Amino acid sequence: MLTNTRSDRVKAVRALSRRSVRSRTGEFLAEGPQAVREAVAFRPELVRDVYVTPEAAERHPAIVEAARGAAVHVHDVSPEVLAAMCDTESPQGVAAVCRTLDLPLEAVLAGLPADPLVCVLTNVRDPGNAGTVIRGADAAGADAVVVSDASVDVYNAKVVRSTVGSLWHLPITVGAPVPEVLDALRERGIRLLAADGAGTTLLHEADLTGGHAWIMGNEAWGLPAEVRDACDDVVRVPIYGHAESLNLAMAATVCLYASAEARRTDRTNRAD
């Protein structure tokens, strides 16, 4: 069992809390049983090491068995060592060092099905919002998530936690400038729908059939005019009560589920 909180291994894992180290090593830390469970189940080839306390090993034996079954190194550690490794004040006894999983934009677009649903994050800075949007995109059956170069690092510990494992479920590309992303989507015949409070088209009026991408803006100031102008339509979620607005994650989830329902209905109609 690893018990020395000052060991080189512990320091190396802890250093992954810094973006510069993640960029240099191509690795990041996934914390908590749900994140580690999904990583091992869906992308075991990207999991380098799993660290687990004795209590967590007893509580989550399936995670340990799956990791070992996938030839992933499993290390027993003391609670103090895990706490020293992790970003959270009260880690849940399990963490994993994983290799980054994003793909080049071209590769993600090439792998899209016909009539895809894509979610694009532009200038999204809040890690909790970014992670929750990825989770919502996964739940709504989106085919890919694109995170622009001006957005938060998807391997930030809070982003990873907020995805609750969805990070490993769908293709993600990061780092491309927004204009490049919009041009690439348009070249594939994917309609661009800007989600913005300034939109004149209400969500229930929007055409959500066929391949389309939701373009989501910054939490505080939304989408800049040049991005809205580059889109095929600007859509807003109607507010029926007294709330001033919806936050990014809530609005994105509502939009993505509206698309999911439209796609389901369209496919049913075509099948009939």
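A nonpolar core is here a set of buried Ala, Val, Leu, Ile, Met, Phe, Trp, Tyr and Cys residues joined through side-chain atoms within 4.5 Å, where buried means under 20% relative accessible area, exposed over 50% and partly exposed in between, with a 1.4 Å probe and protein chains only. The structure described is a predicted model, in which local features need pLDDT of at least 70 and side-chain atom pairs count only at pLDDT 80 or more, while totals for chains, interfaces and linings use all residues. Residues are numbered from 1 along each chain as its sequence is written, and side-chain values use heavy atoms, with hydrogens and water left out.

The largest nonpolar core holds 56 residues, and those that touch the most other members are Val 50, Trp 168, Trp 214 and Met 216. Helix α12 (residues 248-271) gives the largest share of this core, six residues; helices (H or I, at least four residues) and strands (E, at least two) are DSSP runs, numbered from the N terminus. Apart from this core lies another one of 23 residues, which includes Leu 112, Ala 213, Ile 215 and Val 227. If neighbours within four places in sequence are left aside, Val 50 is in contact (heavy atoms within 4.5 Å) with a set of residues that includes Val 36, Val 40, Ala 67, His 73, His 75 and Val 94.

From the cores we turn to the sheet. Seven strands form an open sheet with parallel pairing, in the order β7-β6-β5-β10-β8-β11-β9, where two strands pair if DSSP finds at least two bridges between them. At the edges stand β7 (172-176) and β9 (201-202), each with a single partner strand, so one side of each is left without a neighbour in the sheet. Strands of a sheet pair through backbone hydrogen bonds, either parallel or antiparallel. Between strand β8 (residues 191-195) and strand β11 (residues 233-236) the pairing is in the parallel sense and runs over three bridges, and the bridge partner of Leu 193 in β11 is Asp 233.

Two residues show what surrounds individual strands. His 212 is found in strand β10 (residues 212-216) and counts as buried at 0% relative accessibility; beyond its neighbours within four places in sequence, His 212 is in contact with Pro 116, Leu 117, Val 118, Ile 190, Arg 191, Leu 193 and Ser 259. Ser 148, found in strand β6, is likewise counted as buried, at 4% relative accessibility. Not counting residues up to four places away in sequence, Ser 148 touches Leu 121, Thr 122, Asn 123, Gly 175, Ala 176 and Val 178, and from C-alpha to C-alpha Ser 148 and Met 216 are 10 Å apart in space although they are 68 residues apart in sequence.

Helix α8 (residues 127-139) lies across β5 (117-121), β6 (144-148) and β7, and runs at about 180° to β5, the axes being lines fitted to C-alpha atoms, for helices over the stretch in contact, with angles from 0 to 180 degrees between N-to-C directions. In helix α10 (residues 178-187), the buried residues are Val 178, Val 181, Leu 182, Ala 184 and Leu 185. Seen down the axis of α10, these buried residues fall within an arc of 165° (the arc of the directions from the helix axis to the C-beta atoms), so they line one face of the helix. Pro 179 and Glu 187, on the other side of α10, are exposed, and α10 is followed by Gly 189, whose phi is positive, near 80°.

The structure holds two aromatic pairs, rings of Phe, Tyr and Trp (its six-membered ring) being paired if their centres lie within 6.5 Å, with planes under 30 degrees apart counted as stacked, over 60 as edge-to-face and the rest as tilted. The rings of Phe 28 and Tyr 155 have centres 4.6 Å apart and planes at 35°, so this pair is tilted. Phe 28 lies in strand β1 (residues 27-31) and Tyr 155 in the loop between β6 and α9 (157-163), so the pair ties together parts that are 127 residues apart in sequence. Phe 28 also forms a stacked pair with Trp 168, at 6.0 Å centre to centre and 25° between the planes. Because Trp 168 lies in the loop between α9 and β7 and Phe 28 in strand β1, this pair ties together parts that are 140 residues apart in sequence.
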